[in-house]
Amino acid sequence: RRWLRQHESVEKLNMHAILSAAAGQEQLLTELLVSHTKIPVLIGELISAEVWKHKVFPVLCRLEDFHPRSTFPIYVVLHHEASIINLLETVFFHKEICESAEDSVLDLIDYCHRKLTLLAARSTNGQAATQKELHPKDLASLSSMQSVLAPPQELQKQAEAMEFEISLKALSVLRYITDQVDSLPLSALTRMLNTHNLPCLLVQLVEHCPWSCHEAGKLKKFENGAWHEVPPEDQVKMTKLDGQVWLALLNLLLSPECQRKYRFDSFNKSQLLKLRAFLTDVLLDQLPNLVEMQRFLSHLAVTEPAPPKKDLVLEQVPVIWDHLLRKNAGKWEAIAKHQVKHAFSPTEEELKLQARRWAQTYSLDLLEALAPDKPRCRVCGVEAAKRCSRCRNEWYCTR
């Protein structure tokens, strides 16, 4: 129960951050997160949720004697990671938030690298995440509890679909971190450039573009949490996700400090030069800053950059992921069985109580304020202002 209350607090913070950012009034929230040193706490929670999903959740799904009355509590835990990364994406735009992460920014960089590696692997394998997934709106009423009365194996599919969106949020967070390369710890820069070779990983994302796919001969792109069919006249238009990758590359390749630290060996150089094929006039018109990158790549093609100086550096390493794995090594099955007994087998009364709490957290009016699109009339498709008083789901432009 204590964890559920904490999750509800994260959800409310997440929704407040989105609404504040939309109104341009997020300063108060960022000041509170910084003054109460909550960013390292959120990063620790994020990685704990990731470890649970990779180590405990698969064991839960394999337990033969686990037949829960509802998989709703498990879905809440799966959703916890998505809520935190969404909150971090909203607030990490601000420099003071990034700086307040302190040493835990190393753990966040490693987290983003793991997610982007999965994203790149998914795109090279030709997988497209177009499955339908659960959204918080599905949890707004007790009747929608039926949508999560699914076997654990069904939750595995939903977790995979959720992983795609989480990875895209991690891409945005990473881009905001690269915006602050001048104020990051030295170890963070070394980790991004040399330990993880993020520039080459970002080249893979430019090359394979996992947020676009062709289906039935039509181009679809993922934006604002859903796949949209792209009309022919908009197919060369840059999406927000495309912009995040290019801006991260700009930050990592054109910063003097990054150029001094990065190893421009033959492999890295050949990978980076692939970008020249994508720097078309249409792209440069949409993001003029890329002219500088085009100039840099032209220079890189005809020169041999100096090797990085071999300084003696005492490098910090991230600790949260390794600490959790070491502390719980060999205990994952015992943890799963304990959670089955004490957390994931609620009584019907407890389920109803939790559903009511979620209904209060996700009020319909609040969800509509968070939705990227205005409600539309079921009959004619124009923007609607009147909701059906009986079902509370359908909208109409007139009575």
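Author: Ala, Val, Leu, Ile, Met, Phe, Trp, Tyr, Cys and Pro count here as nonpolar, Asp, Glu, Lys and Arg as charged, and the others, Gly among them, as polar. On that basis, the lining of the second largest pocket divides into 18 nonpolar, eight polar and eight charged residues. The model is predicted, so local features need pLDDT of at least 70 and side-chain atom pairs count only at pLDDT 80 or more, while totals for chains, interfaces and linings use all residues. Residues are numbered from 1 along each chain as its sequence is written, and side-chain values use heavy atoms, without hydrogens and water.

Helices (DSSP runs of H or I, at least four residues) are numbered from the N terminus, and α1 (2-22), α3 (39-55), α5 (72-91), α16 (320-327), α17 (332-342) and α18 (348-361) each supply at least two residues of the lining. The largest share, six residues, comes from α17.

Two of these lining helices, α1 and α18, also pack against each other, with axes (lines fitted to C-alpha atoms over the stretch in contact) that come within 11 Å and cross at roughly 15°. Because angles under 35 degrees, on a scale from 0 to 180 between N-to-C directions, count as roughly parallel, α1 is roughly parallel to α18. Their crossing is right-handed, that is, the near helix is turned clockwise from the far one by less than a right angle. Contact (heavy atoms within 4.5 Å) joins L4, R5, H7, E8, E11, K12 and M15 of α1 to Q354, R357, W358 and T361 of α18. These contact residues divide into three nonpolar, three polar and five charged.

For another helix pair, one may turn to α10 (residues 198-208) and α11, which pack at about 155° with axes 10 Å apart. Angles over 145 degrees count as roughly antiparallel, and α10 and α11 are therefore roughly antiparallel to each other. In this pair, L198, P199, L202, L205 and V206 of α10 meet V245, W246, A248, L249, L252 and L253 of α11. The residues of this contact divide into eleven nonpolar, no polar and no charged.

Notes. Angles under 35 degrees count as roughly parallel, over 145 as roughly antiparallel, 65 to 115 as roughly perpendicular and the rest as oblique.
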